[in-house]
Amino acid sequence: MSTIDPRITDVLSRTFKVPVAEIHPEATMDGLDMDSLAAAEFAVVLRETTGVELETGTLTRGTTLAELTAHLRAAVGTAR
């Protein structure tokens, strides 16, 4: 079973007021009602929180939170 980086959960619940019950590995930006402006803001807040710059196209309407977590983990692994 996939997990979600706790920083993603924190940003979604605190900054974007997404109910924690809706935050699960297969949730997508579209499924969380995050339009393109909210997704762009989410990317900025994640960069500020994690230090990881999301590449263009990483965070789309269909991106799952599990995929986003994998991207963050890979970016952190390559930065070491």
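Which residue forms a salt bridge with D30? In this predicted model, the partner of D30 is R61, and the closest N and O atoms of the salt bridge are 3.2 Å apart. The pair links distant parts of the chain, 31 residues apart. D30 sits in the loop between α1 and α2, whereas R61 sits in the loop between α2 and α3 (65-79). A salt bridge here is a side-chain nitrogen of Lys or Arg within 4 Å of a carboxyl oxygen of Asp or Glu. D30 counts as partly exposed, at 40% relative accessibility. R61 is exposed, with a relative accessible area of 58%. Buried denotes under 20% relative accessible area, exposed over 50%, and partly exposed in between (1.4 Å probe, protein chains only).

Residues are numbered from 1 along each chain as its sequence is written, and side-chain values use heavy atoms, with hydrogens and water left out. Because the model is predicted, local features need pLDDT of at least 70 and side-chain atom pairs count only at pLDDT 80 or more, while totals for chains, interfaces and linings use all residues.

The structure holds four salt bridges. One of them joins the side chains of D10 and R14, at 2.4 Å from N to O. D10 and R14 are four residues apart in helix α1 (residues 6-15), so about one helical turn separates them. Helices are DSSP runs (H or I, at least four residues), and strands are DSSP runs as well (E, at least two); both are numbered from the N terminus. D10 is partly exposed at 35% relative accessibility. R14 is exposed at 59%. Another salt bridge pairs R47 with E53, with the closest N and O atoms 3.8 Å apart. R47 is partly exposed, at 32% relative accessibility. E53 is exposed, with a relative accessible area of 53%.

Helix α2 has 15 residues. From its first C-alpha to its last, α2 reaches 21 Å, close to the 21 Å expected at 1.5 Å a residue. The expected span is 1.5 Å times one less than the number of residues in the helix. The buried residues in α2 are A38, A39, F42, V45, L46 and T50. They cover an arc of only 120° around the axis, and therefore lie on the same side of α2. The arc is that of the directions from the helix axis to the C-beta atoms. S36, L37 and E48 are exposed on the other side of α2.

The N-terminal end of α2 is capped by D35. A side-chain oxygen of D35 lies 3.2 Å from the backbone nitrogen of L37. Just after α2, G51 takes a positive phi of about 80°.

T50 lies in helix α2 (residues 36-50). T50 is buried, with a relative accessible area of 15%. The side chain of T50 reaches the backbone nitrogen of V52 at 3.1 Å. Such a polar contact is a pair of N or O atoms within 3.5 Å; within protein, one must be able to donate a hydrogen and the other to accept it, and residues adjacent in sequence count only if both atoms are side-chain atoms. Not counting residues up to four places away in sequence, T50 touches R7 and L72. Contact means heavy atoms within 4.5 Å. The C-alpha atoms of T50 and V76 are separated by 8.8 Å, and these residues are 26 apart along the chain.
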